Amino acid sequence: MQDESGKPEFWEAAFHERQEMWGFEPSRSAVLTRDFFVEKGVQQVLIPGIGYGRNARIFRDSGMTVTGIEISATAIEMARKHYGEDMTIYHGSVTAMPFDNRRYDGIFCYALIHLLDSEERRKLIRDCYHQLSDNGYMIFTVISKEADTYGKGTLIGKDRYAMFGGVNMFFYDEASIHEEFEAAGLLNISTVSESYPFYLITCRKETGAGT
């Protein structure tokens, strides 16, 4: 990855200095996704960018098996401290997916894809879709152009800005969601308000669909 937000040292420093910087309550997006996954009978969940696990716990508490991917070794240590050693977490960047050959019936990717450049976003969507089982669902939380930070910082590409001392962020609207997710079984777009206004993007892999 080209921007600072994709470098292990960026996140190592962030987790080392600020530890459990987002607290332990799951995000609203994670709660909504958990409810949806329960309704659909999802059992195996992959969470790219799992961090220290605050959004993973509610899936586990609902009886799902969770596998994570995390770029920060410090965050992985924190996850194991708080949630035990029995959850598989691969150490590496999501841009290096896949880390295993498993297929998952649920994938949840929270506030991560908008930190990537266009090529990396396409690869992440493609890699996640490839790891979905037939009739599986993947849900992405992405920042909206309605955020008050849109247009701030240094413009480095279409709807993409360098800000916050090392984070490059792409801001989505419905047009860009359709452009990037349509071929990956786009099923629904909804809005959710958390620390920022987000979109919740749901995709479904039909039986026999290509990867």
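This is a predicted model: local features need pLDDT of at least 70, side-chain atom pairs count only at pLDDT 80 or more; totals for chains, interfaces and linings use all residues.
Residues are numbered from 1 along each chain as its sequence is written. Local features need pLDDT of at least 70, side-chain atom pairs count only at pLDDT 80 or more, totals for chains, interfaces and linings use all residues, and side-chain values use heavy atoms, with hydrogens and water left out.

Colleague: How many Å does helix α5 reach from its first C-alpha to its last?

Modeller: Helices are DSSP runs of H or I, at least four residues, numbered from the N terminus. Helix α5 covers residues 118–130, which is 13 residues. The expected span is 1.5 Å times one less than the number of residues. For α5 that is 18 Å, and the reach is close to it, at 18 Å.

Colleague: Which residue caps the N-terminal end of α5?

Modeller: The contact is polar (N or O atoms within 3.5 Å; within protein, one able to donate a hydrogen and the other to accept it; residues adjacent in sequence count only if both atoms are side-chain atoms). A side-chain oxygen lies 3.2 Å from the backbone nitrogen of Glu-119. That oxygen belongs to Asp-117.

Colleague: Is Ser-27 buried or exposed?

Modeller: Ser-27 sits in the loop between α1 (8–18) and α2 (28–40). Its side chain reaches the backbone nitrogen of Ala-30 at 3.0 Å. Buried means under 20% relative accessible area, exposed over 50%, partly exposed in between (1.4 Å probe, protein chains only). At 3%, Ser-27 is buried.

Colleague: Which backbone nitrogen lies 3.3 Å from a polar atom of the side chain of Ser-72?

Modeller: Ser-72 is in the loop between β2 (65–70) and α4 (73–83). Its relative accessible area is 0%, so Ser-72 is buried. The backbone nitrogen at 3.3 Å is that of Thr-74.

Conventions. Helices (H or I, at least four residues) and strands (E, at least two) are DSSP runs, numbered from the N terminus.
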